[in-house]
Amino acid sequence: MRRFVSSQDCGYYHPMSASDPDPVLPRRVADLRRRLLAWYHSERRTMPWREKPSAYGTVVSEFMLQQTQVAAVIPYFERFLREFPGFPQLARASEERVLAAWSGLGYYRRARFLKKAAETILRDHAGKLPNNSESLRALPGFGEYTTAAVGSIALGLPLACVDGNVRRVVARLTRLRDPSVEQTREIADALLDRKSPGDWNQAMMELGATVCTPRAPRCLVCPVRIHCAAFTTGDAESFHAPKRAEKTKHVHEIAVAVMHNGKALVLQRAHGNSFGGMWELPRLDSREVDADELSPEHVLKTLTGLAARTPEEIGSARSVFTHHRINTKLFRVAAGRIARVRLTDRHTESAWIEISELASLGASRAQKRLFELIQSSIR
Ligand code: SF4
């Protein structure tokens with residue numbers, strides 16, 4: 001790989017080998033840094049974790065922001081900090097309470113890792129974020145990106161972040177069609193402002209999110225366009241162009257609400273999958289069962305050993321994911337008595353819960369929608 005050297009003093013860096021495709025490197029790095037940081041300080045979006053920064057708030061926000069938009073995260077972040085104001089409170093809370101507070105935000109592994117990280121910080125670091133990259137990297141859920149983001153923003157460590165936004169900005173600044181993560185990391189590290197690494201990383205990501213967007217980058221208002229090699233081509237969008245979206249798969253799912261005296265049967269997912277620890281209605285989909293076998297009777301028999309007598313369809317819901325879409329049909333079945341449930345290894349617990357209390361369970365957004373359908377069906 002081509003190697004770069006950077007100099008904080010002179011603000012220049014130079015290619016050291018000629019074997020790779022040529023990145024066109026900014027010649028005046030100090031000026032680029034000055035312009036981007038000035039823009040960031042005057043134009044950055046308001047976010048609660050930026051307005052009142054703290055090490056704990058930075059960690060929580062970085063976990064929540066993985067694969068989730070800023071606007072969706074803000075209300076969750078504010079509620080989460082009210083309920084668990086610091087590492088000790090989060091470490092001591094039950095996993096069930098943490099999952100309930102995360103409920104609806106998706107990707108629940110993040111919540112479990114965040115809680116485990118808080119436990120490690122309390123146990124091994126006296127409740128304080130460790131102040132070096134090796135110890136940060138050893139915390140549960142801390143990958144390369146999270147270590148760099150938390151290390152630079154909360155602790156001022158000189159670590160360059162590489163996410164999708166940074167990769168695109170770097171590709172365009174240097175006119176590389178599709179740089180690898182390693183190549184991006186090397187260039188991002190050379191560009192990093194070591195005096196303000198946290199602001200610098202946030203500025204690069206903010207530029208990618210709001211100006212140097214995947215489609216139709218707003219080059220004419222870009223603070224660093226005079227340093228941008230892609231800008232001079234007049235076709236900036238084609239550098240690190242968005243990949244053509246994969247064809248969306250359609251999945252059919254059946255969920256069953258077994259009801260008895262104002263209560264519904266819910267099952268708790270076993271740990272070891274993305275919904276581990278969360279509550280849900282018995283459900284199966286067309287990826288697990290042949291379409292002609294998929295019925296409320298089959299779902300109930302398979303997952304609980306119960307018989308579904310005269311199931312009645314009470315609604316449907318749709319969940320959209322990156323590569324697939326799930327259409328769920330919800331059926332209601334009246335149970336004459338609270339029967340013994342025979343669980344498979346997919347679930348660890350079953351419970352009969354008052355309909356009015358379903359909303360407080362730790363459950364995915366899709367399941368919460370089904371709980372609402374149950375509630376509206378009995379009004
Ligand atoms: Fe991106 Fe255009 Fe700015 Fe270059 S000039 S960094 S392509 S927005």
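Here is a short chat about reading helices, surface patches and salt bridges in a predicted model.

Me: Let's start with helix α14. What should its 13 residues span at 1.5 Å a residue?

Reply: Keep in mind that this is a predicted model. Helix α14 covers residues 365-377, and at 1.5 Å a residue it should span 18 Å. Its end C-alpha atoms are 19 Å apart, which agrees with that.

Me: Which residues of α14 are buried?

Reply: Look for residues with under 20% relative accessible area, since that is what buried means here. In α14 these are Q367, L370, F371 and I374. Seen down the helix axis, the buried residues fall within an arc of 105°, so they line one face of α14.

Me: Is V221 exposed or partly exposed?

Reply: Exposed would take over 50% relative accessible area. V221 has 47% relative accessibility, so it counts as partly exposed.

Me: On to charges. How many salt bridges are there?

Reply: You look for a side-chain nitrogen of Lys or Arg within 4 Å of a carboxyl oxygen of Asp or Glu. Here the count comes to 16 salt bridges. One of them pairs R50 with E206, with the closest N and O atoms 2.9 Å apart. That pair links distant parts of the chain: R50 is in helix α2 (residues 48-51), E206 is in helix α12, and they are 156 residues apart.

Me: Are R50 and E206 buried or exposed?

Reply: R50 counts as buried because its relative accessibility is 10%. E206 is buried as well, with a relative accessible area of 2%.

Me: Which residue does D189 meet in a salt bridge?

Reply: D189 meets R194, at 3.0 Å from N to O. With 32% relative accessibility, D189 counts as partly exposed, and R194, at 34%, counts as partly exposed too.

Me: What about E280? Which partner does E280 have in a salt bridge?

Reply: The partner is R283, with the closest N and O atoms 2.9 Å apart. E280 is buried, at a relative accessible area of 2%, and R283 counts as buried at 13%. Salt bridges can also share partners: that is how R28, D31, R34 and R35 are joined into one network.

Conventions. Residues numbered from 1 in each chain as written. Predicted model: local features only at pLDDT ≥ 70, side-chain atom pairs only at ≥ 80, totals over all residues. Heavy atoms only, no water. Helix = DSSP H or I, 4+ residues; strand = E, 2+ residues; numbered from the N terminus. Expected span 1.5 Å × (residues − 1). Buried < 20%, exposed > 50% of the residue type's maximum accessible area, 1.4 Å probe, protein only. Arc of directions from axis to C-beta.
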